[in-house]
Amino acid sequence: MVKISFLGTGLMGIPMAQRLVDGNELIAYNRTASKLTALTGARIADDPGQAIDHGDFIFLMLSDAAAIHSTLTPHLNRLSGKTIVQMGTIAPEESRELEKLVQQAQAEYLEAPVLGSIPEATSGTLLIMGGASATNWERALPLLETLGAATYIGTVGSAAALKLALNQMIGALTIGFAQSLSYLAAQEVDYSKFMEILRVSALYAPTFDKKLNRMVERNYANPNFPTKHLEKDLRLFANSAQPLGLNLAALDGLRAVVAQSIAAGWADGDYSAVLEGLKIDQEN
Ligand SMILES: NC(=O)c1ccc[n+]([C@@H]2O[C@H](COP(=O)([O-])OP(=O)(O)OC[C@H]3O[C@@H](n4cnc5c(N)ncnc54)[C@H](OP(=O)(O)O)[C@@H]3O)[C@@H](O)[C@H]2O)c1
């Protein structure tokens, strides 16, 4: 029975915290308290400090580094002896900075970002990437394994970088697919024929079929992964890659499409709404 504090019960945090409740003593905190009603069997904290005091492990599943700083940083003096498990998608540079802060507070830090969404979080089949010292990784591993398959990548920052590399591909693949669907619609070519050929080709990725119906029906409700988080991840990738001297021309294009989708009102919609960012005339 491990004492766990879980900060951030948004779309992913709820199913992840729910899995960790089993066999452990979990207390959860969320800025918007109403979201915590979806969690069963956990204690609820009124403020982050109360949550942090309870746990030996502090799980973070917050939007971004700013959310982490506003939730955790005012309570650094409560962290001594605890292990922070940061599971949201942030930049490697941000993760290393957090590690320093946490270490100065006499606590341990590891990053464990995830690939997979609400269904995988619910079934415990997330792909978890570890950036940590070997000791911290071993310490957190039994808990992480209740959430999915955990792979050690390297020191803090390496798993965050790997996660951004994967999410850059979410942008590229999804926007590429949406671009082809938009083109075929304009050419009045049946998309089902396109899918028939695509599915048996080397170009196929399972994500295409996952997003097809949403794009055809232009239905972006009840997102698993909102467009605003894809925008964040592409921005973090760009900020992290730019000083490394990479040519970001293709990424700039992807970001412009996502920005247009957000300007059209789809920040909180499913990221298949990138299709809307490809339209010249938003009215059509
Ligand atoms: N959804 C996915 O499929 C998926 C998959 C892999 C990784 N991720 C990553 O995992 C993280 C969480 O994703 P999610 O989909 O669960 O996001 P979400 O539903 O938007 O939840 C974000 C969480 O962060 C909190 N938060 C945001 N800004 C805050 C602030 N300034 N102060 C305090 N709390 C703040 C939110 O609190 P409120 O409820 O009060 O807004 C909520 O608990 C993100 O980094 C995301 O990129 C998501």
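In this predicted model, the chain is divided into domain 1 (3–155) and domain 2 (161–278). The C-alpha centres of domain 1 and domain 2 lie 28 Å apart. To the contact, domain 1 gives 13 residues and domain 2 gives 13 residues. The side of domain 1 that touches domain 2 consists of nine nonpolar, two polar and two charged residues.

**Ligand shell**

Around the ligand there are 25 residues, and the closest are Gly10, Arg31, Thr32, Gly88 and Ser117. At least three residues of this shell come from each of domain 1 (3–155) and domain 2 (161–278). Helix H3 (residues 65–72) supplies the largest share of the shell, with four residues. Sorted by class, the shell has 14 polar, eight nonpolar and three charged residues.

**Packing of helix H7**

Two packed helices are described by the angle between their axes and the distance between the axes. The table gives these values for helix H7 (residues 158–187) with helix H9 (residues 206–217) and with helix H11 (residues 249–266).

| Helix pair | Angle between axes | Distance between axes |
|---|---|---|
| H7 and H9 | roughly 50° | within 11 Å |
| H7 and H11 | about 70° | 10 Å |

The axes of H7 and H9 cross at roughly 50°. The crossing in which H7 passes H9 is right-handed. On the H7 side, the residues that meet H9 are Leu173, Thr174, Phe177, Ala178 and Leu181. Their counterparts in H9 are Thr207, Phe208, Lys211 and Met215. By class, the contact of H7 with H9 has six nonpolar residues, two polar and one charged.

H7 and H11 pack at an angle of about 70°. H7 is therefore roughly perpendicular to H11, because angles of 65 to 115 degrees count as such. From H7, the contact takes Gln168, Gly171, Ala172 and Ile175. From H11, the contact takes Leu251, Leu254, Val257 and Val258. The residues of the contact of H7 with H11 are six nonpolar and two polar, with no charged residue.

**Summary of the H7 contacts**

Six nonpolar residues take part in the contact of H7 with H9, and six nonpolar residues take part in that of H7 with H11. One charged residue belongs to the contact with H9, whereas the contact with H11 has no charged residue.

How values were computed. Residues numbered from 1 in each chain as written. Predicted model: local features only at pLDDT ≥ 70, side-chain atom pairs only at ≥ 80, totals over all residues. Axes fitted to C-alpha atoms, helices over the stretch in contact; angles between N-to-C directions. Helix = DSSP H or I, 4+ residues; strand = E, 2+ residues; numbered from the N terminus. Left-handed = near helix turned anticlockwise from the far one by under 90°. Contact = placed C-beta atoms within 7 Å. Nonpolar A, V, L, I, M, F, W, Y, C, P; charged D, E, K, R; others polar. Near = placed C-beta within 6 Å. Domains from an automatic or database assignment. Parallel < 35°, antiparallel > 145°, perpendicular 65-115°, else oblique.
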